[in-house]
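Dear colleague,

I am handing over the structure below, and my notes on the strands and helices follow it. Please read them alongside the coordinates.

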Amino acid sequence: MTIEAINEQLLRAIGVGVALLDRQTLQFGFRNDTFDEWFSGDNESDHLQQLFPDLDVGQVQKNLHETGRYTSEISFKKKRRTLVIAMDFTVAHDDVLVLVCQNITRIKELESMIDSYSMMVERNTRELKREKEQVEKLLLNLMPRSVYEEYKTFGVVTPQLYDPVSVLMLDFVGFTEMVASQDPSVTVTELNDIYSAFDRIGEQFGCERIKTIGDAYITVAGLPDPTPDHAKAIANTAIRFVRYLNRRNLSHPHQWRCRIGLATGSVVGSVVGIQKYVYDIFGPAVNLASRLQEFSEPMKITVQDEVAQVLRDQFALSEIGPRDIRGFGTQEIWRLTDES
């Protein structure tokens, strides 16, 4: 077997099409079997421009003159498949051009697959990020940020004792009758509006809303970060809750009236539950605030004596007197008034 025949077999084996052209006329002088297999058919031409009508011959000649080389890509249909061929023109002699064609269809297909996969990964990453942000937003509605960060890092939340803090317990008057007599969707919508307003008010004074249970709303000052003036913060929050409801009732057909109890003391905070978990607080301050709101009249704020002693120089307080509070014995209680 001759050297030329061996070279031809090697070029065919690696899928390379080779042709020799006259540099001046661009007429084909030689084409190997692979080249003919790709480009033979209805267009049996011996001229480069006729065989590849979309090829910019002027640009080919310009590049060959300047650098001695020109590369390009062409695509065409072969039977039912589109082939992509890389073309490399090289000046081998003053009068001879060597055209080497390589089938890069598979490479292009792989590139397309990689691009599609990259787009899919990017899209999935965006979706995962969006879902993560939604989950984070939901969890931050259930627990303080520092507690969430601990849960995210370690997967558990260590129960913490917070002492002292101030707790606000709010309950709506006549809520059961309202639910029974009104359209449920209207009641829920209005309750959501009110709780959202309460959340914004509490944030202004550094209070952390713990939970809502039906018509009960619980928020705390001094948790999770200690706050020296927690009693003042919870008092301002309570006053503005009542102020907000009074203004709201002037323009709404449904009249919302509340009772509020304020207490100071210690609480334990932790995440409760495994599947349907929630951040909750327990302790004497929570129980006392709940008892005190029961002593409140509609749209009034009742505070324990310890809170009253802290607030008396800055807030309007009137003594209610001693009351027997279940679980706490007889204690002096006071009424906090909004003087604005």
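Leu262 stands opposite Val303 in S11, within the parallel pairing that strand S9 and strand S11 (residues 300-304) form over four bridges; strands pair if DSSP finds at least two bridges between them, and strands (E, at least two residues) and helices (H or I, at least four) are DSSP runs numbered from the N terminus. This is a predicted model, in which local features need pLDDT of at least 70 and side-chain atom pairs count only at pLDDT 80 or more, while totals for chains, interfaces and linings use all residues. Residues are numbered from 1 along each chain as its sequence is written, and side-chain values use heavy atoms, with hydrogens and water left out.

S9 (residues 258-272) also pairs in the antiparallel sense with strand S10 (residues 278-282) over five bridges, where Val271 has Tyr279 as its bridge partner. Eleven bridges join S9 to strand S6 (residues 160-172), again antiparallel, and Leu170 stands opposite Ile260 there.

Turning to the helices, H5 (residues 105-142) and H6 (residues 145-154) pack at an angle of about 125 degrees with their axes 8 Å apart, the axes being lines fitted to C-alpha atoms over the stretch in contact and the angles running from 0 to 180 degrees between N-to-C directions. Glu136, Leu139 and Leu140 in H5 meet Arg145, Tyr148 and Lys152 in H6, where contact means heavy atoms within 4.5 Å.

Best regards
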